Amino acid sequence: MEGNSSGGGGGGGGNDVELLCKTLQVEHKLFYFDLKENPRGRYLKISEKTSATRSTIIVPSNGIAWFLDLFNYYVNSDDQDVFSKELQLDTKVFYFDVGENRRGRFLKISEASVSRNRSTIIVPAGNAHDEGWAAFRNILGEINETSQLVVLPNQKNSEAPERLVGLSDDVGAGFISSHSSQSAPAAEVNVDRSSDLPPSSDDIGNMGVSKVIRADQKKFFFDLGSNSRGHFLRISEVTGSDRSSIILPLSGLKQFHEMVGHFVEITKDKIEGMTGANVRTVDPPQR
DNA sequence: ACGGCTC
């Protein structure tokens, strides 16, 4: 579909109007940006094409400015200061993670939605000045401007109210909210992985959801379960393909919470010193 | 010319 301007669009979703189409090459990857619109709304399709693979994420139009802000964050921050971010837009969650391997640094953007499988694009940072990310950012900026300018005849300029737009830091110590001394743990960790778990009698009412905290390369999964001995919380640490868990009977959960809170208190200075540059939140886009 | 991503 990309770059195809001849003939009528006959494929799936081919009736969508293409407002803008751009391509960007970073190293050997080709990124296609398609700003499209259909009766359900406007969206940005970003495809990453390698010689062998292609993967696509769909960004709702109200998320374009957030993507722009996030790319600015990753371009402008010092390498060692960048952290994972989450962007929730309606029913979708986008995860931004920086990784590095022998090929260099890259930004992984994963789209998770309840219906679809996860899809991911990976943007190489480029050379020393993150020019791959910067070029990506520049295109997002152009698209964002265009999207604000271009209004199709059959559409009014007033958008539907943007709802449930939230951006949360996903800092190393997930227990530490950006509001430092306030204790606001659970609300900050609003990642719902319930779709990863089939409904099970192990679940305790509607609490049977899986939550995850991500810290750099590590993930900590929180799963409620039960067996003949009773209910428990399983906390799993996952790094790469390794996983280890602790099983915490619910009878000990409150003590566990207090104990963690104790160590948060006595290490507060150290934690704030370590994360001071990371608790910044990306500002909302100007409207 | 890569090739990363996965309880």
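Trainee: Why are α1 and α2 called roughly antiparallel to each other?

Mentor: The axes of α1 (residues 64-76) and α2 (residues 131-149) cross at roughly 155 degrees and come within 9 Å. Angles over 145 degrees count as roughly antiparallel, under 35 as roughly parallel, 65 to 115 as roughly perpendicular and the rest as oblique, and α1 and α2 are therefore roughly antiparallel. Axes are lines fitted to C-alpha atoms, for helices over the stretch in contact, with angles from 0 to 180 degrees between N-to-C directions. Helices here are DSSP runs of H or I with at least four residues, strands runs of E with at least two, numbered from the N terminus. The model is a predicted one, in which local features need pLDDT of at least 70 and side-chain atom pairs pLDDT 80 or more, whereas totals for chains, interfaces and linings use all residues. Residues are numbered from 1 along each chain as its sequence is written, and chains are lettered from A and ligands numbered from 1 in the order written.

Trainee: Which residues make the contact between α1 and α2?

Mentor: Contact requires C-beta atoms, placed from the backbone, within 7 Å. Among the residues that make it are Phe67, Leu68 and Phe71 of α1, and Trp133, Phe136 and Leu140 of α2.

Trainee: What makes β1 and β4 edge strands?

Mentor: Strands pair if DSSP finds at least two bridges between them. The open sheet has the order β1-β2-β3-β4, with antiparallel pairing. β1 (17-26) and β4 (54-60) each have a single partner strand, so one side of each is left without a neighbour in the sheet. From one strand to the next, the twist averages 15 degrees.

Trainee: How do you know that β3 and β4 are paired?

Mentor: Seven bridges join β3 (residues 41-49) to β4, and the two run antiparallel. Lys45, for instance, has Ile58 in β4 as its bridge partner.

Trainee: What places a residue near DNA strand B, and which are the closest?

Mentor: The C-beta atom, placed from the backbone, must lie within 6 Å of the strand. Of the 24 residues that surround DNA strand B, the closest are Glu27, His28, Arg103, Phe106 and Thr120. β7 gives the most to this surface, with five residues.

Methods
Contact = placed C-beta atoms within 7 Å.
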